[in-house]
Amino acid sequence: MSELKKEITLISGVGQLSTTLLGTGLFMVPAIAAGIAGQLSLWAWVILFFAICPIALTFAQLGKRYPNAGGTAFFVRQAFDKRLEKSVAWLFVSVIPVGVPAAVALAAGFLQQLLPSAINSALFAQVLTVVLLVTVNLAGTKSSGRLQTVIALSIFALVAAFWWQGDVGHSDIIMPSLSSDGLWNIGAALAVMFWCFVGIEAFAHMGEEFKNPQRDFPIAILIGSFVAGATYWACSVVILKFNAYGAEGFDSASIPWLAEQLFGSQFKIVISVLGFAACFASVNLYTQSLSRMVWAQAREYKPNSALARVSIKGVPANATLVVGAILLLSCLFGQLSGLDLEFFLKLANGIFVLVYLLAMLSAYKLLKGFGKALAAISLLLCTAVFICLGWSMLYALGVFSLLCLPWHKLRRNKSASTEPS
């Protein structure tokens with residue numbers, strides 16, 4: 001078997017994307033944004049959603065026309081050439097050792113609160129998280145989609161419970177008046193909040209597994225992005241109402257604090273379970289997309305290799321195991337070395353935005369009419385964000401430049417020079 005199973009429906013697609021976009025962000029970013037912009041953060045969420053719409057719509061157009069497990073790399077190949085496709089593919093894969101382990105560590109932080117004291121350690125929680133990720137991925141996209149749909153519904157139920165128990169009224173959702181001074185604070189908040197919508201590029205790798213990609217893939221992106229944006233805004237309303245922001249402790253604990261205030265300390269374990277589930281769902285889609293990128297490259301360039309094989313459940317099992325092994329090694333290295341996880345996340349962000357930028361550049365060349373105009377707007381937005389990344393932008397460019405070097409020619413020349421004359 002060399003083809004992925006087409007098991008993703010519209011509902012499971014919406015569930016996968018919305019949980020990926022919410023993920024760890026819901027437990028941190030609304031409080032951080034409120035600390036930067038206060039009540040004006042409500043406007044920042046609205047602005048961010050309208051800014052992300054062109055990018056989401058462009059990915060929807062690309063995924064509809066080119067449903068392929070290669071994702072952005074495949075789009076680049078259609079627009080340019082195979083050599084650049086390889087560079088983009090391995091640029092995306094290069095996020096494994098720097099970005100995904102940091103997200104695994106965040107998920108494991110919630111899991112630790114649920115483990116008995118005998119096995120309650122950060123490293124064990126991370127290893128257990130990776131094992132669960134690999135297990136869920138090997139079970140197939142249908143099972144994974146159902147799990148993430150349940151997680152998404154649980155997150156929505158939590159935010160709805162906050163509104164109900166917190167007695168959120170009309171006065172709490174009135175948008176504050178804007179001023180020229182406030183625009184600077186909104187801009188500063190947007191720089192942080194943009195990362196809540198990093199994940200659409202990973203979802204592009206799942207297009208080939210939709211039962212009806214031409215119809216359901218673009219709808220899933222649009223609905224998933226809207227649901228995530230609305231959930232972030234609704235969560236911010238509660239955080240602002242109860243002033244659960246402005247202190248460093250709130251940056252990662254505003255949701256648990258709110259739950260304790262509204263429902264009592266006995267609700268703490270529910271938050272730990274939901275926090276782990278949300279973080280797990282976010283990392284799960286990235287694990288899926290990374291394994292499919294490895295599989296797609298093997299299928300294209302080494303079709304007889306073990307990495308190009310698909311299991312009886314229609315899953316790239318060998319590629320998934322390879323990604324899982326790299327994750328375990330990365331988590332072990334990060335834990336033993338004591339390197340700053342925030343540092344890893346900044347490196348990963350640079351790679352993600354560069355991938356977005358290359359996808360929009362490909363879309364500008366491939367699409368026509370309205371799609372081309374959307375791609376142009378998206379390209380300008382991604383370029384602006386990329387410039388604002390600072391030093392992490394340079395890291396992404398450095399990695400991409402190394403990948404673009406003609407390594408095949410260098411190997412050929414080296415082989416030629418070692419042959420006897």
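This is a predicted model: local features need pLDDT of at least 70, side-chain atom pairs count only at pLDDT 80 or more; totals for chains, interfaces and linings use all residues.
Start with the helix pairs. Two packed helices are described by the angle between their axes and the distance between the axes. For helix H1 (residues 10-22) and helix H13 (residues 268-301), the axes come within 7 Å and cross at roughly 115°. Angles from 65 to 115 degrees count as roughly perpendicular, and H1 and H13 are therefore roughly perpendicular to each other. Their crossing is left-handed. On the H1 side, the residues that meet H13 are Gln 16, Thr 19 and Thr 20. Across from them, H13 brings in Ala 278, Ala 281, Ser 282, Leu 285, Tyr 286 and Gln 288. Sorted by class, this contact has four nonpolar residues, five polar ones and no charged ones.

Helices H6 (residues 100-112) and H7 (residues 122-138) make another pair. Their axes come within 8 Å and cross at roughly 110°, which makes H6 roughly perpendicular to H7. H6 puts Val 104, Ala 105, Ala 107, Ala 108, Leu 111 and Gln 112 into the contact. From H7 come Ala 122, Ala 125, Gln 126, Leu 128, Thr 129, Val 130 and Leu 133. Ten residues of this contact are nonpolar and three are polar, with no charged residue among them.

Helix H3 (residues 41-65) and helix H11 (residues 213-241) are set up another way: their axes come within 9 Å and cross at roughly 170°. Angles over 145 degrees count as roughly antiparallel, so that is the label for H3 and H11. The contact of H3 with H11 has 18 nonpolar, five polar and one charged residues.

Now for the pocket. H15 gives the most, with seven residues. As for the make-up of the lining, 33 residues are nonpolar, nine are polar and two are charged.

Definitions and conventions: Residues are numbered from 1 along each chain as its sequence is written. Side-chain values use heavy atoms; hydrogens and water are left out. Axes are lines fitted to C-alpha atoms, for helices over the stretch in contact, and angles run from 0 to 180 degrees between N-to-C directions. Helices (H or I, at least four residues) and strands (E, at least two) are DSSP runs, numbered from the N terminus. Angles under 35 degrees count as roughly parallel, over 145 as roughly antiparallel, 65 to 115 as roughly perpendicular and the rest as oblique. A crossing is left-handed if the near helix is turned anticlockwise from the far one by less than a right angle, and right-handed if clockwise. Contact means heavy atoms within 4.5 Å. Ala, Val, Leu, Ile, Met, Phe, Trp, Tyr, Cys and Pro count as nonpolar, Asp, Glu, Lys and Arg as charged, and the others, Gly among them, as polar.
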